[in-house]
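Here's a quick briefing to read with the model open in your viewer. Have a look first, then go through the points.

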Amino acid sequence: MGKRVGMEVSIAAAEAVRQSKVDVISAYPITPQTHVVEHLSEIVANGEMDAEFFCVESEHSALSVCVGSEATGARSFTCTSSQGLALMSEITYIVPPLRLPILMILSNRTLSAPLSIWNDHSDVMSIRDCGWIQYFCENGQEVYDHVFIGYRLGEDRDVLLPVIVNMDGFTLSHVIEPIELIDQEKIDKFLPPYAPIYTLHPDRPVTMGAFALPSIFAEAKKAQEVVIRSSIPKILEVWKAFGDMTGRYYQPIETYKAEDAETLLLTMGSFGETASVAVDTMREKGKPVGLVKIRLWRPFPFDAFKEATRRAKRIVVIDRAVSVGGPGGPVASEVKSAVYGEESRPMIYDFVAGISGRDVSPSDFIKMVEKAEIEINEGNKEGYEIYGVRE
Amino acid sequence: MTKPENEWTWKELTVGNVILEPGNASQYRTGDWKTLMPVLDKDLCIHCGLCYIYCPDMAYNLDADGFFIADLFYCKGCGICAKECPTGAIKMVVEQEE
């Protein structure tokens, strides 16, 4: 076992970036991402890390710098939140088809308006379809671990895709947690130097990012779509290798007391730990409730999800973003699509809860489960509401 | 290009759609965008080369007799050369079948 220390999660994330021997860091400060990049700039300025730190003038530039540096073969990192991601969004769509395995930590924060600095998932949902591999982390250890996992996976020649590690703003980013640090020798073994297929180099000229006529664009998109869909075995393989090294094995869909559960709570990100407390309380009272947590959001692990939920009668989805004017929250919408073709499918009730950082306690999860069970038993098939709103 | 774009399958594309053959833009016929083409009146031409300098597609080349002539394979028919020509030697005319 490595050393276990009390550490702010943002600092642990920055330490993971240092241990990953990143060559280029490019970022623009925004709450609640700041502690990650502040710590990295200190490490670089102190000469404790052999990297270039680019202080750019915007998030659009932050990711653009990473595109250029990654194209030369430099391992690159950026980190942002909320409005910063919105400003960066143009470039987020450009990275995956160029097959540049940049890693970004998103310290998830609400998108304005109203202006808010607190946590929910509206920022990342705005770029849901951009083609990055996307993990959601439940605690600081998972954030730290997924920096190594993300680089190893993204840089695999069968994958070569960028990776987003979602870390709930404040709830995770500003909290001090026990983190088990991994020895550098182990990291070096797990994460070999980046060996790209093509790089920008004057001696070997290539064109990256050329335009495509309608006669070839669809072929390029299909190639991108197939690569991310077929990356799941590799994602599992990397998690397995990481588990063999650390004893921490991750899965695309994780469950807690779900085996015999009639009602499943479904969460993504840091809500998982609070929800598990609620599950324990309900179990003590003999209620067959379990928990399903989505760790891998893109590519969506349809098979693992169906397997984890096929015995349940009801799924109570906790969404952290609103799809305004749409079918409910983005997670519920996804989950409904996932089970639509199944012969016997669970009823789904969707709560948007904890938007803009409003606290959701174990008792709130219990209330949501009770409300959903009543509504579903009364025949409500379109269950969707924003939880806890004052009428 | 080894074969036309509309014959490539998605499996044949390079990783990241990288183009390995540098300078292949010269194989791209932009000349078929135009409706008007420049025609030079050699009697009025003073060989100043402004058409060559201003042409945004570098379509003009110097011929053996010292005249700058637009290569219609690349010329998009924008008319900048005709606009800039100080003696009015270049006229834009409706493109005709050769």
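This is a predicted model: local features need pLDDT of at least 70, side-chain atom pairs count only at pLDDT 80 or more; totals for chains, interfaces and linings use all residues.

Residues are numbered from 1 along each chain as its sequence is written, while chains are lettered from A and ligands numbered from 1 in the order in which they are written.

**Sheet**
- Chain A has an open sheet of 7 strands in the order 3-2-4-5-7-6-12, with mixed pairing (strands pair if DSSP finds at least two bridges between them; strands are DSSP E runs of at least two residues, and helices H or I runs of at least four, numbered from the N terminus).
- Strand 3 (52-55) and strand 12 (296-298) of chain A sit at the edges with a single partner strand each, so one side of each has no neighbour in the sheet.
- From one strand to the next, the twist averages 20°.
- Strand 6 (residues 133-136) and strand 7 (residues 163-168) of chain A run parallel, joined by 4 bridges.
- A:Gln134 stands opposite A:Ile164 in strand 7 of chain A.

**Helix pair**
- In chain A, the axes of helix 11 (residues 271-284) and helix 14 (residues 362-377) come within 8 Å and cross at roughly 65° (axes are lines fitted to C-alpha atoms, for helices over the stretch in contact, with angles from 0 to 180 degrees between N-to-C directions).

**Between chains**
- 13 residues of chain B are in contact with 18 residues of chain A (C-beta atoms, placed from the backbone, within 7 Å).

Technical notes: Two residues are in contact if their C-beta atoms, placed from the backbone, lie within 7 Å.
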